[in-house]
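Me: I would like to learn how to read side-chain features in a model of this kind. Please take them one by one, with the general idea ahead of the case.

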Amino acid sequence: MLSLPASTDMRPDMTTAEFKQAIKSLDLFLQENIFQSAINDTLNKRSQFFDTLLCLLWQSLELDNNHISLNAVGGYGRQTLHPFSDIDICIIHDGKLSATDAGKVSDFLTQLWDIGLDLGHAVRSLDDTFQACKEDVTIATSLLEIRHLYGNTEHQQQVLNALYGQGLWQSQAFFNAKLSEQQERHAKAQGTSFSIEPNLKTSPGGIRDIQTLTWVARKHFGVSSMQSLRRFGFLTNDEYSELMECQHFLFRVRFALHQAAQRSENRLLLQYQAEVAKLMGFGDGMPIGESGNIAIEKMMRQLFRAMKRIGELNKILMAYFQREIIPQLNPQIIPINDNFEIVDQYIHVRDETVFIDRTQIMALFEFIAIHHDKIVGISAETLRSLRQVRRRLMGDLQDFQRCREQFKAIFAHPQGMGLAITLMHQHGILASYLPQWREVVGQMQFDLFHAYTVDEHTHKVLKNIYAYGKDIKSLDKDLALAADIYQKMSNKSTLLFAALFHDLAKGRGGDHSELGAVDANMFAKFHGLKVSQEKLICWLVEHHLLMSMTSQRMDIQDPEVIDTFAKKVGTLARLDALYCLTIADIQATNDDLWNDWKASLLKDLYFITRKALRNGLENMLQIRTIVREHKQEALNLLNADDNNTTAIKTLWRRLPIAFFSNADTDDIARYTQAIIDHDLAPVADNKYNTLILLDDAVVKGCSDVFVYTKDRPGLFVKLFNTLGALRISVKQAQIARTKDGYVVESFKVLDFDEKPITSAQRRKQVINKLHQVLDKGANLPKKRQSRRHQSFDNQPSIEFLHSRKSTRSLVNVSALDTSEFMEQIANIFRKLELHIHSATISTVGERADNVFSLSNQDNQQLTPEEQQQLTLELANAIKG
C-alpha cells in the first residue's frame, strides 16, 4: 500500500494556491510510484485524497448536515479516479434548500472550480433525485454508485433502496436500456476495438463494457462488485481473475494516457502511444514512422488482447443476465444434428464436451454459414466451452484434414463471409487455425493510411468482398462494377483466399507481398486447391498493390503504361479478381480513403486494360493450363468407363477451347453428357439436331441456357431476339463453332424480374419457344422496347482488335445492355454478309461488352474498307 507524502497533507486554512500545490504533489508522487502498487490502490488513493479535500471545504461552510449531504457518484463514486477524470458529485437535500444554504453550496462549487477541478455536479432535493432517475437512465446509472462523503448519512441508502427496487426502474427496462446503449456504442466504433487509435472507454471490450456488467448486476442482483457474481454461478473463478486482470491493464493504460495527454483523454491517439508505452514500462519506443516501434507494438498487442477478452466475457455475462432477467418461457429450439441446435436464434452445443473433437469447432462455424438466416450469434454456454477448448489446443486446427475441408467449405459458402467469418475473427478461431493470422493479431500499421490493425483490416477486406455478392441496387454506384464482376466469378473462394493472405506477412521485415505469396502457396498446397487456384491466389497476393499504384502514380492514358500493366496482369480472370481485391482493400484501409477520384481511376484502368487484353495481350499459356484442369475435373465428375471416356474425348476434340476455359467444371461435365446422350438418341423432326438445356440452379444467382445445334445463317439473331422477346436478359454469353459445323452457345440469363428462372413451367415455355423459332421457323414473338433505355443516348464504342487467326477479324462492340442492340448488331452482320465464327457477350456494369470473330464472304479477314463500312453501319444502327 502506498503512503502519501507529507506534501499532500491538507488543512482547513489552506489557500487556493496551496490546494493546487497539494494536488500537483499528489499526481507527481503517483506518477513516480505507479509500479509500486496495484492500479486500483493508486486510483483509490487519489479518490481518498479528493474525499479529504472536498470534506475540508464542505465542513468550513457550516451547513445543516442533518438535511443535506455531499456524495460522490460515477467514477469518483467507484473510487477509480484517473488523473484528469471529472470529479462527479451529487448534493442532495431534504425539502427545499434555504437561500442561505443555497449560497453556501454555490460558494463550495466556486472554490472547487477555483482550485482547478474538472467538476461534474448536481444539486437536487431527494424527491427531485428520484424523479431525475426515473426520467433518465444515465442519471440512475450514475447514482447506483453513490458514495456518501459528508452530511446526512441516510440519503445514500434512500437513493440505493429506490434504485434497487422496482419503482423507478424495473430490472427488465434497465437491462434493455443498458444493452441498447452498449449496442449503439459498439456500432459507433464500427464493431471493433482493433482500430489503430482505440477508445479505452467506449470501444468494444473497453472499460464501459465492464461497467455495464457491474451496473446490471447491482441493479438486479443487488451485489456490490463483480466478485459477488461468482456465487450466482455466472462467473467462474478463472473468468473473474481474467476479467480483473484485463480491467487492471486498461486502468493502467488510461492512467498513463491521461499523464501523457495532460488532459482527460480516452482515445489512445498515435501521438501519445510512444509516451504511454514508456510510462507503462514497455521501454522507449522510437517516434511513429521510424524503424523502432517495438515498445508500442508490445503494449498495443496486450491492450487488444485484453479488450478482446473483456468483449467475450461481456457477451457471456450479458447473455446470462438476459436469460435471468427476461426469461423465455417457451424457447424456440431448432435441431441441427446430434451436437448442435439453435435456441432462440443462438447456436448451442447440446453437450459441453462436444469440442473434445476439434473438428466440431469448425463445424460450429460451418453451421452458422449454412443456417445464416436463423442464427444471430453463439450461446453463452457454447462460447464458454469454445474459450476453454481454445486454451487447450496443442496445435493448429488446420492440422486436421477434416478441419481443412470445413475451412474451405466456409469460404466457398455464399454466406461464409457473413456472420461466420466475423465470429471466427472475434473469438480467436482464425488465430487458432492459421499461424500467420495469429502473428498479426493486434499488429499495428505505422502509416498515415491504415486505421485498423492487420487482422481487423483483413477481416474488413473479406467483409467488403462479401458485400459485392448482395443486390447491386443496394450498393453505392462506385461498387456496382466490382459487384457485377464478382457475382459472375465461377470460383469466388479463390479471391477470398487471396484477400485472406494479402497482408498476413506484414511485420516480418521483408516485402510482405512476396512473403505473403509464399505463405499462400503453402496454404494452397496443404489444402489441396487446384493448380490454377493456387497460381491465381499467389499472383494476387504478390501483386495486390499493383492496380492501386498504377492508377494513382502512373499516367494510365499512356499506351506504354497500359501495355506494361496488361502484360503483368496477363488474363481477364486476373484483372477481374485484382480489381475487386483492390477496391475492397482500399475501402478497408480507413473510412476516408475511398473516394470518387480513386473509383474513377480504377474503373478507367480496368476498362482500358480489359480492351488491351482482348487485343492480343492475354496470356494463352495460362488459359491452356486452366483448360487442362477443367477437362480433368470434368472427366472425374463424369466418372466414365473406358468406352465412355473415349466418346467424351472424341467429342471434346470437336469443341472449341472457349467451351472449356469459360465454363465451370460441373457445367462442362453436364453439357458433355447431355450432348453425348442427345447424339445417341436423335429426336425425330429435328433436322438441326438441336439440344436446348435450361437449368434450375439458382446458387450462381442466374440461370444457364445451353444450346447445341447445327450452324446456319441468322442463328445468332434468332437466339437473341427470342430471348429478348421473352423478356429474358442475357448477362453473359459464349458462342463458338465446332470443327464439324455445329454451334455451342452458353448464356447466363435473368428473367423479367431480374431473378433466375425458378419455375418449371417458365423453363418449359422458354425451351419450347426456342425450339419453335430455331428449328421450325416460327415467327419471333413481338417485343416491346425497354422504356428504361429509350431516354439514353446510346453512343456505341466499336474497335477492331488483334486477331491470332489470319482469316478472322475481331471486333469489340460496346453499348448499353439491351437486347435490342444485339438484334441491331446481328442484322448488320447479315446485311454485310459477314460470317460469325464466335462471340463473347458480357455485361460489365450498365454496358454490354461484345467481342465477335468475323470473316467476310471469302472467309478472310475484313479489309480496311470493310472494317470502315462495318463501323459506320453499326454506329448508325445502334444510335438509332
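Me: Is C403 buried or exposed?

Reply: The model is a predicted one. C403 has a relative accessible area of 0%, so the residue counts as buried.

Me: And which class does C55 fall into, buried or exposed?

Reply: C55 is buried too, at a relative accessible area of 11%.

Me: How many disulfides does a search of the whole structure find?

Reply: A disulfide is a covalent bond between the sulfur atoms of two cysteines. The search of this structure returns 0 disulfides. C55 takes part in none, and its nearest cysteine sulfur, belonging to C90, is 15 Å away.

Me: Next, the nonpolar core. Which residues touch the most other members of the largest one?

Reply: In soluble globular proteins, nonpolar side chains tend to be buried together. Here the largest nonpolar core has 191 residues, and the members that touch the most others are L53, L54, F108, F321 and F365. The element that gives the most to this core is helix α12, residues 294-325, with 16 residues.

Me: Which residues is L53 in contact with, leaving aside its neighbours within four places in sequence?

Reply: L53 is in contact with M10, F19, I23, L112 and I115. There is also a second, separate core of 46 residues, with V813, F821, L834 and F852 among its members.

Me: How should I read aromatic pairs, and how many does the structure hold?

Reply: A pair of aromatic rings is described by the distance of the centres and the angle of the planes. The structure holds 27 such pairs. In one of them, F407 and F497, the ring centres are 6.5 Å apart and the planes meet at 25°, so the pair is stacked. F407 belongs to helix α15 (residues 401-412) and F497 to helix α21 (residues 492-501), so this pair ties together parts that are 90 residues apart in sequence. F407 and F497 are both buried.

Me: What are the distance and angle for F411 and F497?

Reply: Their ring centres are 4.8 Å apart and their planes are at 20°, so F411 and F497 are stacked. F411 is in helix α15 and F497 in helix α21, so the pair ties together parts that are 86 residues apart in sequence. F411 has a relative accessible area of 1% and is buried. F497 also counts as buried, at 1% relative accessibility.

Me: Which residues form one aromatic cluster with F497?

Reply: The cluster consists of F407, F411, Y433, F497, F501 and F523.

Me: Now the charged side chains. How many salt bridges are there?

Reply: Side chains of opposite charge can pair when their charged atoms come close. The count for this structure is 39 salt bridges. One of them joins R390 to E312, with the closest N and O atoms 2.7 Å apart. R390 sits in helix α14 (residues 380-392) and E312 in helix α12, so the bridge ties together parts that are 78 residues apart in sequence. R390 counts as partly exposed at 22% relative accessibility, whereas E312 is buried at 2%.

Me: What is the N to O distance in the bridge of R350 and E341?

Reply: For R350 and E341 the distance is 3.1 Å. R350 is partly exposed, with a relative accessible area of 40%, while E341 counts as buried at 14%.

Me: Where do D711 and R737 lie in the chain?

Reply: D711 forms a salt bridge with R737, and the closest N and O atoms are 2.9 Å apart. D711 is in the loop between β10 (703-710) and α32 (715-725), and R737 is in strand β11 (residues 729-737), so the pair links distant parts of the chain, 26 residues apart. At 27% relative accessibility D711 counts as partly exposed, and R737 is partly exposed as well, at 32%.

How values were computed: Residues numbered from 1 in each chain as written. Predicted model: local features only at pLDDT ≥ 70, side-chain atom pairs only at ≥ 80, totals over all residues. Heavy atoms only, no water. Core = buried A, V, L, I, M, F, W, Y, C linked by side-chain atoms within 4.5 Å. Buried < 20%, exposed > 50% of the residue type's maximum accessible area, 1.4 Å probe, protein only. Helix = DSSP H or I, 4+ residues; strand = E, 2+ residues; numbered from the N terminus. Contact = heavy atoms within 4.5 Å. Disulfide = S-S within 2.5 Å. Phe/Tyr/Trp six-rings, centres within 6.5 Å; stacked < 30°, edge-to-face > 60°. Salt bridge = Lys/Arg side-chain N within 4 Å of Asp/Glu carboxyl O.
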